[in-house]
Amino acid sequence: MQISRFFKKYVENRTKSFTTKIYLTLICSIVIISFAITASFIFYLKKTQTEILINKGELLAEQLAENSRIGIFAGNKELLDAPLNSAMRQKESLAVNIVDKSGKTLTGRQKTEFPSYPESKSRSTEEIQKIMMLVDKSQKPVCLFNKNTIEFWAPVRYEMHFAPSEALFLTDNPGQAAI
C-alpha cells in the first residue's frame, strides 16, 4: 500500500510541471507513431507476400497443366507422376490434384506434414464443373481463396501455339509459308 501511495504522489507531483507534460506528450506521440508505422509495414509485407505466393502458384499451376498434357489426353497415370512430383517439391504446395473436365480426379498427392487438408476432398462434381467453366472462360490460371489455403486451377490446352516463323516447318508444302 505504501508503495502505491508513494507512486501516486510522485506521479501527481511530476505531472504538475510543464516539462513533464511535454515529455509525456512526446513519448505518447512517439509510441503511437511507432505502432502506426509498424502496423502499416506488417500490412504491406503481408500484401506483398500474398502477391508473390499468388504469382508463384499461378506459374506452378500453368507449368503443371502444360507438362501433364500428354498424360491427361493419353489417360496414362505414369506420365502424370513426373509433373506431379515436380509440383509437390515446391515448399508452398500442400496438395496437387489433376482433374479432368468431367470433374474426375485422375491423380493427386498430398504432403504428409498436412494430413488434414480438407479442401482437396470436399469438392463435389458440380463445384468442380463450375470451376472448370470459370477456368475455360478465363483461359488462364484461376485463383480461389479458401479459409486457410489458396487453390490454383489451370486449363490444359490442346491447341498448338507457334510463331509464324515456325509455321514454315509445319506446312504440307515446304515452299509456301503458312499464314
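Does R69 count as buried or exposed at 18% relative accessibility? In this predicted model, R69 counts as buried, because its relative accessibility of 18% falls under the 20% cut-off. The side chain of R69 meets that of E66 in a salt bridge, with an N to O distance of 2.2 Å. E66, by contrast, is partly exposed at 42% relative accessibility.

A search of the whole structure finds 3 salt bridges. One of them joins the side chains of K56 and E92 at 3.2 Å, N to O. This pair links distant parts of the chain, with K56 in helix 2 (residues 18-67) and E92 in the loop between helix 4 and strand 1, 36 residues apart. K56 is partly exposed at 39% relative accessibility, and E92 is partly exposed at 34%. Another salt bridge connects D81 with R109, whose closest N and O atoms are 3.2 Å apart. Here too distant parts of the chain are linked: D81 belongs to helix 4 and R109 to strand 2 (residues 105-110), 28 residues apart.

The largest nonpolar core comprises 9 residues, among them L64, I72, M88 and L106. Helix 4 (77-88) and strand 1 (95-99) each contribute at least two residues to this core, and the largest share, 4 residues, comes from helix 4. A second, separate core of 8 residues includes I131, V142, L144 and W153.

The side chain of W153 is also joined to that of E151 by a polar contact of 3.0 Å. E151 lies in strand 4 (residues 150-153) and is buried, with a relative accessible area of 10%.

How values were computed. Residues are numbered from 1 along each chain as its sequence is written. This is a predicted model: local features need pLDDT of at least 70, side-chain atom pairs count only at pLDDT 80 or more; totals for chains, interfaces and linings use all residues. Side-chain values use heavy atoms; hydrogens and water are left out. A nonpolar core is a set of buried Ala, Val, Leu, Ile, Met, Phe, Trp, Tyr and Cys residues joined through side-chain atoms within 4.5 Å. Buried means under 20% relative accessible area, exposed over 50%, partly exposed in between (1.4 Å probe, protein chains only). A polar contact is a pair of N or O atoms within 3.5 Å; within protein, one must be able to donate a hydrogen and the other to accept it, and residues adjacent in sequence count only if both atoms are side-chain atoms. A salt bridge is a side-chain nitrogen of Lys or Arg within 4 Å of a carboxyl oxygen of Asp or Glu.
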